[in-house]
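Open the model in your viewer and keep the selection tool at hand. This tour goes from one stop to the next and says what to pick at each.

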Amino acid sequence: MTEVSKLTESFITLGALHSSTRAGRTLILDYGSPRVAITVLTDRIIRVRLAPDGAFAARRSWAVVQADDAFPEAVFEIEESSYALVLRTASLTVRIERDRGSLSFADAQGQAFCTDEVGMQWNQTTSESRRVACTKRIEADEHFFGFGERTGPLDKLGRQLINWTTDPAHGHGPGTDPLYQAIPVFLALRTGLAYGVFFNNTWRSHFDIGARRSGVWTMEAEGGELDYYVVYGPTPEQVSEGLGALLGTLPLPPRWALGYHQSRWGHATDSMVRDLAAEFRTRDIPCDVIHLDIDYMDGYRVFTWNSQGFPDPRGLLADLRGDGFRIVTIVDPGVKVDPDYKVYQAGLEHDVFIHRADGAVFHGYVWPDDAVFADYTRPEVREWWGNMQKALLDVGVSGIWNDMNEPAVFERPFSQGVGKVGTIDLDAMQGPEGERTTHAEVHNLYGYGMACASYEGLRRQRGSERPFVITRSGFAGVQRWSTCWMGDNDSWWEHLELAMPQLMNMGLSSVPFVGTDIGGFNGNASGELFARWMQFGALAPFCRGHSEIGTERHEPWVFGPRVEAICREFLRLRYRLLPYLYTLFWEAAQRGSPVLRPLLYHYPDDPATYQLHDQVLLGPSLLAAPMYHPGREHRHVYLPEGVWYDWWTNELLDGPLHLLAFAPLERMPLYVRAGAIIPSGPDQHYADERPLDPLTLDLYPGNGAFTLYEDDGYSFEYEHGQFSTTSYTLHQTADRLVFEIGVREGAYVPTTRRLLIRVHAVGEQAAEGHPGAGYDSVHRLLTLEFDDDGHARTLSFKIPDTTA
Ligand code: MIG
């Protein structure tokens, strides 16, 4: 583990305020030579910047989607007293002490949050190797989530977290930090008050959350500006929305990307891939995508095919496509140094590669041995790289997988044995014209820039089709370009456990489309581990099985018929739930919400949810309690306040409740919130194999609402109004359950279909005789069938006391 820096005695703090001026939405505070700028982006998003030498860097913000002034006009007032200035928006106040510039925030009730303990600090005024820091108070019972991709628990109170994209040694554990992603974004939560922070600094930085000293948290960077955004809630949902406005949200993915992906390092020949695809179809296990790892390339030369293993990629991909399969190919950043290789030649010609401090092109060792690396911080290089993808798109590739982009660079050629992994020289030069800087400043942006280049290239070249990119490394805002997987995990139960808080914290960091290698990458999974991982993975936003070359195979059927049946059942469940899942992605695109959520997201006033790392919510309604220990058939489950239903038995459970769930290998404990309306579709071998007919709506007695989002699932027509939404509401009175189907709104017209309404957990007497009604007494399930003509309707059911 890398040592984090320590605040030194030599840090300088602000002195006395000389003057203040208001310039548009910014309040500028002059502290002699240092200056502080406080910018009001919205009534709940505030930016704070410090310029030790008085000059704010004009440098762009890589992660923030728009310039401060592009936000709608923000209304605020400033009150001055002899001690402080108080800036007041409709939702919060920011108080700045005249002496030393200490900042504190407060909500409308006057509750303080994000309060400076030491305030803004720096260790020298010149920008050469300047460090900046800020220390703030941790309030009583305050807890900390997000921080991007980490190991360890859900709540990061008491930890130090480094922001430096790294390819860590295999076998990461709770003390391993950092990992592949650098996402300096977090959520602080206590009962009744949540706020978010984005530390807008790309240098190596770290957070100390009450580790060195309890009661305070610090953010510190090894260069650049002290520049951060505070996003007030007060709910986690509102923080996600604010972070989404700031860092952008994910674009709608193509629906097929929500299906199952099968990957493996070692898909080395055409026939292996054909056999794999055939296996899924004959065994009736749904799958949409097959990933090709580095084996498909010609000597690890990016944008080429190895003609021995893949003599006719175009034919292969066309055949697979006919059978409903898409292909995603890996693309590493390292370009092989080979004078006869077109990509290398063209790259030199266009001067796209990173140069060392002495001016020579930087070389490093990766899969193709001697390699050079494109500088994705330059827009013209991103464009050049994106265009290179044509070689893959022309033969029918559907998506791009960016690996090794921390970037990971080895110290010696693999022919001499795998050596230590490092990265590009920190003093190598990068950056667009006029913004040249060192790799040290933009290291954390390497994967982010590569993913951006890949995304934009796909968008340019395929016009109407939505891009699909998956990346290992990224920075805050990476969700705008790519889905992320969590890198090389192990086939360990501990890594299945780790996956839950890891994915949920990514979601709280504004990156919702995430997954881990199902079954584990390194080593061999047991059938039991694989089955349990698949159960969790089937509900993960990104659902991909992957494994390392040389390990035992990790496909759903290799562990025998029992595990195969479990995988089939859970993947089918995922596919049936696609209308629900797809709507959650739409919500994420609209509002920055995570798809997979910790319970605290919906129950922020219940501190019992704060440490719940091993239960997940898929959207607002489905709660899963994955099994992650060998040999167990029972586990503890916490259900927060309200009524819940057991997914498998329809049993009514009255929260808050601690229960011991029974979960034989075939079952993952799964619960549904009262009032839930869950849309689902038919079984399919791949997404969009069949029209959504019937559309099933599962209703769980209680009060609730759901808006179903629909569009064609692959194009950008939704940007021109080609989508529709339908709102459903469920209302429970003393003796009735009333279900209302709103009018479908929007230009997109789905195919004519039937509507199947299933009312769960109803009692002995069912609804008043609708001809299509059927009643299943075993599961206390009432089924009604209609033609969905898109008109408003009200259905009402007589339901006896379901607790009876
Ligand atoms: O040095 O491409 O995380 O998913 O299979 C290893 C081979 C490089 C690391 C990725 C993994 C991938 C593997 N890659």
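Select Asp688 and Arg255. In this predicted model, their side chains form a salt bridge, with N and O 2.9 Å apart. Asp688 sits in the loop between β44 and β45, and Arg255 in the loop between α1 (236-247) and β21 (260-262), so the bridge ties together parts that are 433 residues apart in sequence. Are the two partners buried or exposed? Asp688 is partly exposed, at 41% relative accessibility. Arg255 is buried, at 14%, because the cut-off for buried is under 20%.

The structure holds 51 salt bridges. Side chains of opposite charge can pair when their charged atoms come close.

Pick Arg47, Arg49, Asp68, Glu225 and Asp227 together. Salt bridges with shared partners join these residues into one network.

Move to Asp116 and Lys136. Their closest N and O atoms are 2.7 Å apart, and the pair forms a salt bridge. Asp116 belongs to strand β11 (residues 116-122) and Lys136 to strand β12 (residues 132-137), 20 residues apart. Both Asp116 and Lys136 are buried.

Arg213 is partly exposed at 44% relative accessibility. Glu117 is partly exposed too, with a relative accessible area of 34%.

**The pockets**

Rolling a probe the size of a water molecule over the atoms shows where empty space is left.

Colour β5 (45-51), β20 (226-232) and α7 (439-442): each supplies at least two lining residues. Which element gives the largest share of this lining? It is β5, with 3 residues.

Go on to the second largest pocket, with a volume of about 500 Å³. Its lining has 21 residues, and Arg576, Trp647, Asp698, Arg758 and His760 are the closest to its centre. Two or more lining residues come from each of α11 (561-576), β44 (677-680) and β45 (695-699). Helix α11 gives the largest share, 4 residues. The lining of the second largest pocket has 10 nonpolar, 7 polar and 4 charged residues.

**The cavities**

How many cavities of 30 Å³ or more does the structure hold? There are 6. The largest cavity has about 120 Å³ of space. To find it, select Pro251, Pro253, Pro467, Trp481 and Ser482, the closest to its centre among the 16 lining residues. By class, the lining of the largest cavity has 12 nonpolar residues, 3 polar and 1 charged.

Zoom in on Trp385. Apart from residues up to four places away in sequence, Trp385 touches Val302, Phe303, Val331, Asp332, Pro333, Val335, Ala374, Tyr376, Met450, Ala453 and Ser454.

**Last stop: Leu596**

Select Leu596, in strand β38 (residues 596-597). Leu596 is buried, with a relative accessible area of 1%. Which residues is Leu596 in contact with, leaving aside neighbours within four places in sequence? They are Leu503, Met504, Phe536, Leu539, Pro541, Val616, Leu617 and Leu618. To finish, draw a distance from Leu596 to Leu317. The two are 32 Å apart in space, C-alpha to C-alpha, and 279 residues apart in sequence.

Notes: Residues numbered from 1 in each chain as written. Predicted model: local features only at pLDDT ≥ 70, side-chain atom pairs only at ≥ 80, totals over all residues. Heavy atoms only, no water. Contact = heavy atoms within 4.5 Å. 1 Å grid on protein atoms, 1.4 Å probe; cavity = no way out; pocket = protein on both sides within 12 Å on 5 of 7 lines; lining within 4 Å. Points joined across faces, edges and corners; volume = space filled by probe spheres on them. Nonpolar A, V, L, I, M, F, W, Y, C, P; charged D, E, K, R; others polar. Buried < 20%, exposed > 50% of the residue type's maximum accessible area, 1.4 Å probe, protein only. Salt bridge = Lys/Arg side-chain N within 4 Å of Asp/Glu carboxyl O.
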